[in-house]
Every structure is written in structure tokens, then in C-alpha cells.
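Student: I get lost when I look at a whole model at once. Please pick one part and take me through it slowly, with its surroundings.

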Amino acid sequence: MGLSFLTSSEQTLEVVVTCDPSVECTDEERSQYLDSGDMLHLKLGDSATTFTLKALSPAEREQAEIRAGAMTRSELGRLLWSEAPNDQREKAKWHHQLSNDEREAMSEYQQYLNNVYNEMIRASLISINDVDATLEQLQMIRPESHRVQTISELVLHIQRISLLGDQGK
Amino acid sequence: MIASSVWLSFSRGRSWSCDQCRVTQGLRKKRGNCGGAFNDALPMVQRDERGLYVPGYRVCPDSGSEYSDMQIRSCPVAGANRLASIISAYHRHRSGLYPISSSHPQPSCAFVDAVDTLHMHTESAQHRAQQRAIEENKHG
């Protein structure tokens, strides 16, 4: 297991996404890659797209959260989001019991989290295939499922290299 | 991992060490070959939905309450060795040799978090050592 976070916000890391047709892996290999960032878990084709990311500094992380709406986010939504059951069926039943106000608060908080993810990518993404890149380019990825998965995986990598996490302590 | 570095040195001979793996045949493999997941055959290992772990107090006896409750899932000695550069930068800063900002001018969030964790556990270990010294003086 290597040091999975970067100590400097000037260091960069190259990653690929597993929905790329040039990347082959099993579900287990995908999970190991997302946990460690070690590309040895993957079979990479010649045309695999590489994304260069940098670790976020505390100030960049804070700015990303503020840009996403940290000052106006729904605290009720945050509370409900943290209380929601993990199991999908249980969660659906739990959600069904919520009042309209609570559902709205939860939805607002989910939107805030999506905005945080977008802002984290905006602050962290340096280039795609060594060419300067922006979040807007990621938003143009099609099909839609690949766009969503690309953003999700990049966020996981950014969190891994920028944040210590409970286990790291 | 960061917290382990503090409590491993605090517990000294009673905590996990590389010497134990050198002396006891097969122990290194059971402890995950310096950083891997623990083996089922490791003494005192426990299992939960995330895999095998050893409680912090088994790894470092007489450690702080925060560390005692931790679930250690890979060898903390190997982990502390990997983080040696951060740990030495912190101690050099603490001893006044040079500020941490000179070795890490653009820290990542994770680095700040790591130093914060290291500081909290170092203070806790010092406090524990002082308390123990007071108790020993009281009882001769």
C-alpha cells in the first residue's frame, strides 16, 4: 500500500477512468484501483485518456465549498442525508415517510454536494492527455452515464490524494 | 498510521515492531508483509464487514483512548515508516530546528490534517507520560 495522499498541493497525479473503453478491469480491480490509484490493477490500452489532477490545499478546498454554496446549504438536508439508511430499499421506505419540506431540504443538500464535486474538479483538474482542461470539457462527455462516472471517479481520486480520511489516521 | 507512529514509540518494547517479525518465523506474512491486509492466522485478529483488523490497544498497549479504539487494518510500523518524512518534519518544527512551512510550502489538505492528527496524539502521549510520572511519585 503506497502513500495514498499527496503532501503538496503543487504535486500532480495522472489517473484514468474505468468507463474508458481502453481500460479493462473486473469490478474488484476497479475497486482496488479507486482505493489505491495504482494503475497496475488495470489493463490499459494505448488510447486510454489520462487526466492530470492536483491535490487541493485547505484554501482551495474551502473556496470550492463556498462556491458550491456552503454558506446557504440546507442544514436540515445535511442532517437527513447523514441519517439516511445505507440499504437502498430501506432508504426508499425511509424517504417515503419524509414530509415535503424534508424531501426538498434533502434534495437541496444533494444538489449542494454535486456542486462541491464540480468545484473540486474545477480546482483540481489540470489537463486531459497533457492538454489544459476545464470542468466544462468533462460536462460534454457522452453518453451521459460515462460523464457521470467520469466525474464520480475523478472526485474519488481528488479526495484520495487531498484528504487523509479516517483510515489514514 | 500517523497516530500509530506516536503510540508505537510511546509503548516502546510492548508495541509491535520489526524485531518481532525478524525473530518469529511467519509473523511478517501474518501481519501482511509490511503494509498488506492481515492474515487470518494472525493472533488476536478480529473481523468485521470491512475485513480483518486488530484493535489499537493490542498493537500499542497503554495508548491513548482515541487510539485504543481504532481498528488497525495493516501493519502500523510499515505505515509509520512510509510517513517518516512528515513525522520528521513535524518534530523538527516542534523542536525549533526549522519551520514546517519551509519543507512544505504548499501543503495539501491531507498534509495539514496529518500534522494536526500527529500533534493531537503527541500532546496526548506527553500528557499521559506526565500523569504516569505523577502517579509513580505518589506511590513511591
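**A helix and its surroundings**

Tutor: Let's start with chain A as a whole: 27% of its 169 residues are buried, where buried means 20 or more other C-beta atoms within 10 Å of a residue's own, exposed means 12 or fewer, partly exposed is anything in between, and the C-beta atoms are placed from the backbone. This is a predicted model, so local features need pLDDT of at least 70 and side-chain atom pairs count only at pLDDT 80 or more, while totals for chains, interfaces and linings use all residues. Residues are numbered from 1 along each chain as its sequence is written, and chains are lettered from A and ligands numbered from 1 in the order in which they are written.

Along the sequence the pattern goes β-β-α-β-β-α-α-α-α-β-β-α-α-α. The C-alpha trace of chain A spans about 50 × 35 × 35 Å along its principal axes.

The part I'd pick is helix H5 (100-124) of chain A. H5(A) has 25 residues and covers 36 Å from its first C-alpha to its last, close to the 36 Å expected at 1.5 Å a residue (that is 1.5 Å times one less than the number of residues).

Which residues of H5(A) are buried? They are Ala105(A), Met106(A), Tyr109(A), Tyr112(A), Val116(A), Tyr117(A), Glu119(A), Met120(A), Ile121(A), Ala123(A) and Ser124(A). While you read along that list, keep one rule in mind: an α-helix has 3.6 residues a turn, so residues three or four places apart point the same way. Leu113(A) also sits in helix H5 of chain A, but Leu113(A) is partly exposed, because 15 other C-beta atoms lie within 10 Å. Leu113(A) and Arg73(A) are 40 residues apart in sequence, yet 9.3 Å apart in space, C-alpha to C-alpha.

So what covers the buried residues of H5(A)? The cover includes S4, H2, helix H3 (75-83), strand S5 (125-128), helix H6 (135-139) and H7 of chain A.

Now zoom in on Met120(A). Leaving aside neighbours within four places in sequence, Met120(A) is in contact with Leu56(A), Ala64(A), Val155(A) and Ile158(A), contact meaning C-beta atoms, placed from the backbone, within 7 Å. Met120(A) also belongs to the largest nonpolar core, where Met120(A), Trp7(B), Ala110(B) and Ala114(B) touch the most other members of its 60 residues. Such a core is a set of buried Ala, Val, Leu, Ile, Met, Phe, Trp, Tyr and Cys residues joined through C-beta atoms within 7 Å. Elements that each supply at least two residues include S4, helix H2 (58-68) and H7 of chain A, and helix H1 (2-11) and helix H10 (109-138) of chain B. H5(A) gives the most, with nine residues.

Next comes the sheet that S4(A) and S5(A) belong to. Four strands of chain A form an open sheet in the order S1-S4-S5-S6, with antiparallel pairing (strands pair if DSSP finds at least two bridges between them). Strand S1 (12-15) and strand S6 (131-132) of chain A are the edge strands, each pairing on one side only. S1(A) runs antiparallel to strand S4 (residues 51-54) of chain A, and four bridges join them; Glu14(A) stands opposite Thr52(A) in S4(A). Helix H7 (residues 144-162) of chain A packs on this sheet, touching S1 and S4, and its direction makes about 35° with that of S4(A).

Moving across, S4(A) and S5(A) are antiparallel too, joined by three bridges, and the bridge partner of Thr52(A) in S5(A) is Ser127(A). S5(A) then connects to S6(A) through two antiparallel bridges, with Ile128(A) opposite Val131(A) in S6(A). S5(A) and S6(A) make a hairpin with two residues between them, and Asn129(A) in the turn has a positive phi of about 50°.

Finally, look across to the other chain: 18 residues of chain A are in contact with 20 residues of chain B. On the chain A side, nine of these are nonpolar, six polar and three charged, counting Ala, Val, Leu, Ile, Met, Phe, Trp, Tyr, Cys and Pro as nonpolar, Asp, Glu, Lys and Arg as charged, and the others, Gly among them, as polar.

Technical notes. Contact = placed C-beta atoms within 7 Å. Axes fitted to C-alpha atoms, helices over the stretch in contact; angles between N-to-C directions.
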